[in-house]
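Subject: Structure for your study

Dear colleague,

Please find below the structure that I am handing over to you. My notes on what was found in it follow directly after it.

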Amino acid sequence: MQAYAAKLIDLIESKSENISKQWAADVMTHSRTPSYHFLPKEMVIEQGIDFYKLFRRMSLAENPYEEAKTFSWKYAEDLYRKKIPLQEAIYALMLMRRHLWLYAEFQGTFFTAVEIQQAVESLNRTILMFDYVSYQVTDKYHDLTVVNVGKKLHAVEALMLKGCIGGEKNIFKVGLMTLLVAVALILTYYCHSILGTGVVFTHLFYIPIVLASICCGRKGIFVAIFLGAMILISHAIFLRGVPYTEDIVRAAMFVVVGGIVGWLMEDVRKVKELFDNF
Amino acid sequence: MAVALYAFKKGDTMMKAFAAKLVDLTQKNAEAIARQWAKDVKTNEKTYSYHEAPEEKIIRQAKDFYKNFQMMFFNESPYEQAKEIFEKYAEEKYKEGVPLHETLYALILMRRHMWLYAEFQSLFSVEVEHRQAVESLSRTILMFDYIMYVVTRQYWKMLKLEGLAKRNTQ
């Protein structure tokens, strides 16, 4: 341990709880750290004690930068989980450092000429420690944000059928839609012309309608319009004498469902684009 | 000494004179300090985004920074001044695509190079000057605390604004 900083280190270690309490009282009322105002006081004090204990560990460590990570990463993870904005987390660290110095000043730790020289060295030491911690906390926040966004993006992509909307797989998309619409055509012909009924089979049309809206967004409504029109035309050809009412309602529902899903999926696409910024 | 952790009080001219020594030296030698900083930031592993940046461009940025820093240092409301100047600085860095932790570390290096230059010039060598050194250092740290807070807050604001702008253009 370097002799010049020993005095400050001893003070910090023996009085870490007192300094932490003063810091907690400040950070929990400070206008630049509003998110701290509602955190449990004991938890905040604990954070302060952890920070002040780090000072000796860093002084003893062969690699102080690596040692700082033991505090910084935990600090960043805890605050990120509690949704504390980064600027407040950084400002809270600044207040920790400031309270350390205020306490040392209050105790008259550095008074004589030699002590003032020690003060300069100690001040440099605390600044270096803070520099490491603030860099590591910011870096960790960035990493946590990327991981978090990655998870959300994955969920959004799953909802969009792995990039179906605006994706590159146009051939797959068109092929699948063509196949499903062709099946719908055959089914309509079979049920209307051979079985002479229009009841149950139309529910199956919601599969291509919903898929088209997921894959093509608002443009997917054209599939719903096409299938609705097909039902009505087929009805006119094969079900003469049967009232149109039910098929008109069915066709209208196709368009409504296709439109709503397409509209919602456009919003999902916007969310994905926001996440893509990271 | 802790007084310098907070703002200068009106009429506290003695302390102002003490702390001014470091800033005056920085201002007079802004070019030399900026060049040393640029050399550091272009090779430091924590400021990767600066490695490919044109040297003259980042030197100019650092010189502007030191000039603005002097203005802020002597301002009676340094925090307000920091907001005015460094929100714009944060926006520029954000638009250049520099990650926040690298921008902050580059600022830390700016402060370190100010201090290294002063040490190299033996600015605070005799006994009385050590007290001045503490005052200068405390005031400088306070200014940098404000700058780092403003820059961090502006980065997050920019991120949100970009998101909103994208939504509105859809």
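Accessible areas in these notes come from the Shrake-Rupley method with a 1.4 Å probe, and for residues only the protein chains shown count as cover. On this basis chain B exposes about 8,100 Å², of which carbon and sulfur atoms supply 52%. Chain A exposes about 13,800 Å², with 65% supplied by carbon and sulfur atoms.

Please note that this is a predicted model, in which local features need pLDDT of at least 70, side-chain atom pairs count only at pLDDT 80 or more, and totals for chains, interfaces and linings use all residues. Residues are numbered from 1 along each chain as its sequence is written, chains are lettered from A and ligands numbered from 1 in the order in which they are written, and side-chain values use heavy atoms, with hydrogens and water left out.

The two chains

Helices (H or I, at least four residues) and strands (E, at least two) are DSSP runs, numbered from the N terminus. Chain A has 10 helices and 0 strands, while chain B has 6 helices and 0 strands. From the N terminus on, the elements of chain B therefore read α-α-α-α-α-α under that definition.

A residue is called buried under 20% relative accessible area, exposed over 50%, and partly exposed in between (1.4 Å probe, protein chains only). Of the 278 residues of chain A, 47% are buried; in chain B, buried residues make up 54% of the 170.

A contact means heavy atoms within 4.5 Å. Among contacts in chain A between residues at least 6 apart in sequence, 74% join residues at least 24 apart. In chain B, residues 24 or more positions apart account for 77% of the contacts with a separation of 6 or more.

Helix H9 of chain A

Helix H9 of chain A covers residues 221–238, which is 18 residues. From its first C-alpha to its last it reaches 26 Å, close to the 26 Å expected at 1.5 Å a residue (the expected span is 1.5 Å times one less than the number of residues). The buried residues of H9(A) include A:Val223, A:Leu227, A:Ile231 and A:His235. An α-helix has 3.6 residues a turn, so residues three or four places apart point the same way. The face of H9(A) turned away from its buried side carries the exposed residues A:Phe222 and A:Ile233.

A nonpolar patch

A:Ile233 also belongs to a nonpolar surface patch of about 720 Å², together with A:Tyr189, A:Tyr190, A:Ile194, A:Leu195, A:Ile237 and A:Phe238. Patches are made of residues with over 30% relative accessible area and no salt bridge, where like charges are joined within 9 Å and nonpolar side chains (Val, Leu, Ile, Met, Phe, Trp, Tyr) within 5 Å. A salt bridge is a side-chain nitrogen of Lys or Arg within 4 Å of a carboxyl oxygen of Asp or Glu. Helix H7 (170–195) and H9 of chain A each supply at least two residues of the patch, and H7(A) gives the most, with 4 residues. A:Tyr189 lies in H7 of chain A and is partly exposed, with a relative accessible area of 47%.

Two further sites

A:Lys83 has a positive phi of about 60° although it is not a glycine. A:Lys83 sits in the loop between helix H4 (64–81) and helix H5 (86–106) of chain A.

A:Glu157 is found in helix H6 (residues 113–159) of chain A. The C-alpha atoms of A:Glu157 and A:Arg269 are separated by 8.9 Å, although the two are 112 residues apart along the chain.

Yours sincerely
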